[in-house]
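Reader: Please show me the model, and then let me ask how its labels were reached.

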Amino acid sequence: MIREVTVIGAGTMGKGIAQVFAQTAYKVRWLDISKEALDNGYKDIVYHLDKTLTKRNCTEKQKKETLDNLSLFTEVKKAVSSVELVIEAITENEKAKLEIFREIDAYAPKGCILASNTSSISITKIASATRRPEQVIGMHFMNPVPVMPLVEIIKGYSTARETFNTAYAISKTLGKSPVEANDYPGFVANRILMPMINEAIEVLRTGIAGVEEIDAVMKLGMAHPMGPLQLADFIGLDICLAILEVMYDGFKNPKYAPNPLLIKMVTAGKLGVKSREGFYDYSENKKAERISRMFS
């Protein structure tokens, strides 16, 4: 039974993954090269636990136990040298992921499973950077991790069934609903979601309707809980762009080509909630400010 894990990355996803594991009584070694990022992420976890205390979904004892389960690290060797599972949740960049997996592979114990939270990059390609491709798997959590139940479990070409079964079972212990997927660009969730977001941006770019109108159609007409443009803001427009680029490169199909407006907004630094401006303006909205802490 795996009881100690390393989570790599103190961004939006890494922070959420570290929190859900710590809340489920796993000992978590939380790694990032930036001590400041770890400290800020830790403060955000405290903030979220305090919010759940207010809602009576968490006790002071549970909060203390969760925080006691978190240990912060800035050195890969120390963070992974004695754990049974490593989950990488760094930026959605293939080169960066291959580099970190080479380093993890050098220091992690022989039987340790190496998982990636990538939302689009090939697990087979990531596994090729290691000497243990049979122990490499995708565990794609949804954002915000403490709230969303889905975890896509993605098998690479060489992923062993035992590795898959372990990742699937661990997801269940977290209270998540794992779904099996094969290793193709975008997997299932983003293969379907990103073209919809891309098309919503095209509808905006061509002047067919405005931002609020597009989102209203999808919410009121299609029963989506959030419109595609607001969802893109919460995901991060830079992340949407990165995923579309991976899919376009992988399939060479023009339907996955990132919309010019999306490219322009990312270039201008309009990334959504994380930058306080995307398709919506979050600078003065107090509710958005609270949401921003969840997604930042």
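Author: This is a predicted model. A place to begin is C112, which counts as buried at 1% relative accessibility.

Reader: Why is C112 called buried?

Author: The cut-off for buried is under 20% relative accessible area. C112 has 1%, so it counts as buried.

Reader: What makes C58 buried or exposed?

Author: Its relative accessible area decides. C58 has 10%, and buried means under 20%, so C58 is buried.

Reader: How many disulfides are there by the distance rule?

Author: The count is zero. A disulfide is a covalent bond between the sulfur atoms of two cysteines. The rule used here asks for a pair of cysteine sulfur atoms within 2.5 Å, and by that rule the model has zero disulfides.

Reader: How do you know that the span of helix α1 agrees with its number of residues?

Author: Helix α1 covers residues 12-23, which is 12 residues. At 1.5 Å a residue they should span 16 Å, and the end C-alpha atoms are 17 Å apart, so the two agree. After α1 comes A25, with a positive phi near 75°.

Reader: What makes α1 mostly covered?

Author: Of the 12 residues of α1, 11 are buried. Among them are M13, I17, V20 and F21, and K15 and Q19 are also buried.

Reader: What is known of the second largest pocket, and which residues lie nearest its centre?

Author: The space in the second largest pocket is about 250 Å³. Its lining has 14 residues, and E94, I121, S122, V246 and D249 lie nearest the centre. Helix α11 (residues 237-251) gives the largest share of the lining, five residues. By class, the lining has five nonpolar, four polar and five charged residues.

Reader: Why is the chain called as compact as a globular protein of its length?

Author: The chain has 13 helices and eight strands. Its radius of gyration is 19 Å, close to the 19 Å that the globule rule gives for 296 residues, so the chain is as compact as a globular protein of that length. The C-alpha trace spans about 55 × 45 × 30 Å along its principal axes. Of the 296 residues, 48% count as buried.

Methods: Residues numbered from 1 in each chain as written. Predicted model: local features only at pLDDT ≥ 70, side-chain atom pairs only at ≥ 80, totals over all residues. Heavy atoms only, no water. Helix = DSSP H or I, 4+ residues; strand = E, 2+ residues; numbered from the N terminus. Expected span 1.5 Å × (residues − 1). Buried < 20%, exposed > 50% of the residue type's maximum accessible area, 1.4 Å probe, protein only. 1 Å grid on protein atoms, 1.4 Å probe; cavity = no way out; pocket = protein on both sides within 12 Å on 5 of 7 lines; lining within 4 Å. Points joined across faces, edges and corners; volume = space filled by probe spheres on them. Nonpolar A, V, L, I, M, F, W, Y, C, P; charged D, E, K, R; others polar. Rg over C-alpha atoms; globule rule 2.2 N^0.38 Å.
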